[in-house]
Amino acid sequence: MDSYVLIHERIERAADSAVLDLSGLGLTHIPEEVRGLSGLSWLDVADNSLTELPGWLGELGSLTWLEAGDNRLTRLPESAGDLERLTLADLSSNKLAGFPQQFTRTRSLVRLNLAENRIGDIPEDACQLPCLTTLDLHGNRLSGIPDSLVEATELTVVDLSRNRLGEVPDALRKLSGLSVVQVAHNGLRELPEWLCELVGLTKLVVNGNELRTLPEGLYGLIELRRLDLGANQLSVLPEQLGSLRSLTCLDVSDNLLQDIPESLPTLPSLTRLDLRGNQLTSLPQRFSKLRGLTWLGLSSNPLSRLPDCLAELHGLVWLKIAHASLTSLPGWLDGFRKLVELDVEGNPFGSKPTHVAGQRLEDLSPAL
């Protein structure tokens, strides 16, 4: 169907449905006909070639969702601040150089996505959004966050990864309702002790930084379910790690670990454990207690043999032991009947098996 016809058919249907999807149609501007859709509640113009949004955008007074990611926007029209019912705004992957201050007037915003832009700073009054629960600013050029963020009292999810922070912003400290904090790839050399004050935290992502140690406060986060510490400079994991009893996913890949704490195998909820890219030559015998594991990464460790303490982990679905100096695979792997992926590439096998756990090894290899 001709794109012109398709666009106008969708605009006509939107008069009744209040939903308009114009995404991925190569648009360089939003058609003037959209202006008349006063009852429009959902507008998707993502993945186009828009360099600006129309000045009349604010006339769409019923709009609650605006999706305009993956375009070439450098700014928003002033009228965007008149969208009093707007609850979601996605402007990710554009060319915005500044935080859209128009949204300081849009007090109903619940989710704001400004990821992958060019935002270098945020004005002090920009974060005074009383209904905001999710703020995504990853992939920008931020060196800090204003203290006014504390006024976003409903905030639960903050993603500040891939910026230029250097430290975890103090602005997060008083947001006691935070559930998810992501500050990966920010040149962090330490985490603050006050992390323990964020008692509701369930997910903490700090991979790709320069951490050598972890603060005592981290182990007070007893609700934490996911902890990403990969690609740092950790040489030791403290025994206090065992206090994180709610942890289901732990990533400590690409660090400098030579062993793991005896307390780690006592984590009762752990289902995913990534130990790839360390200096492990063995695992503690207590590792056999991790019966709930479904995903285990041991690749790129100088193991030489697969530790026998894994023999009882029959719940494993994904097992990654590539480039681990293995010369053979143990017979007890045949009991792992739930396996759907076994990655053993790059090991110097004397005789590589053709079948494991009743399946052809090539069928268990990860897809390229």
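A residue is called buried when its relative accessible area is under 20%, exposed when it is over 50%, and partly exposed in between, using a 1.4 Å probe and protein chains only. With that in mind, 52% of the 368 residues of this protein count as buried. You are looking at a predicted model, in which local features need pLDDT of at least 70 and side-chain atom pairs count only at pLDDT 80 or more, while totals for chains, interfaces and linings use all residues. Residues are numbered from 1 along each chain as its sequence is written, and side-chain values use heavy atoms, with hydrogens and water left out.

**Stop 1: the whole chain**

Show everything as a cartoon. The secondary structure comes to two helices and 17 strands; these are DSSP runs numbered from the N terminus, with helices (H or I) of at least four residues and strands (E) of at least two. Along its principal axes, the C-alpha trace spans about 70 × 50 × 30 Å.

The accessible surface comes to about 16,200 Å², and carbon and sulfur atoms hold 46% of it. Areas like this come from the Shrake-Rupley method with a 1.4 Å probe, and for residues only the protein chains shown count as cover.

**Stop 2: the core**

Select V34, L112, L273 and F287. Of the 114 residues in the largest nonpolar core, these four touch the most other members. A nonpolar core is a set of buried Ala, Val, Leu, Ile, Met, Phe, Trp, Tyr and Cys residues joined through side-chain atoms within 4.5 Å. Helices α1 (3-17) and α2 (361-364) each supply at least two residues of this core, and α1 gives the most, with three residues. In soluble globular proteins, nonpolar side chains tend to be buried together.

Zoom in on V34. Which residues does V34 touch, not counting those up to four places away in sequence? They are I11, L20, L22, L40, W56 and L60, where contact means heavy atoms within 4.5 Å.

**Stop 3: N48**

Next, select N48, in the loop between β2 (42-44) and β3 (65-67). Is N48 buried or exposed? N48 counts as buried because its relative accessibility is 7%. Its side chain reaches the backbone nitrogen of G26 at 2.9 Å. That is a polar contact: a pair of N or O atoms within 3.5 Å, where, within protein, one must be able to donate a hydrogen and the other to accept it, and residues adjacent in sequence count only if both atoms are side-chain atoms. Leaving aside neighbours within four places in sequence, N48 is in contact with L22, S23, G24, L25, G26, L27, D70 and N71.

**Stop 4: G177**

Move on to G177, in the loop between β7 (157-159) and β8 (180-182). G177 counts as partly exposed because its relative accessibility is 41%. Beyond neighbours within four places in sequence, G177 is in contact with L155 and T156.

**Stop 5: two serines**

Most residues other than glycine have a negative phi, and most peptide bonds are trans. S304, in the loop between β13 (295-297) and β14 (318-320), has a positive phi of about 70°. S325, in the loop between β14 and β15 (341-343), has a positive phi of about 65°. S304 counts as partly exposed at 42% relative accessibility, and S325 counts as partly exposed at 37%.
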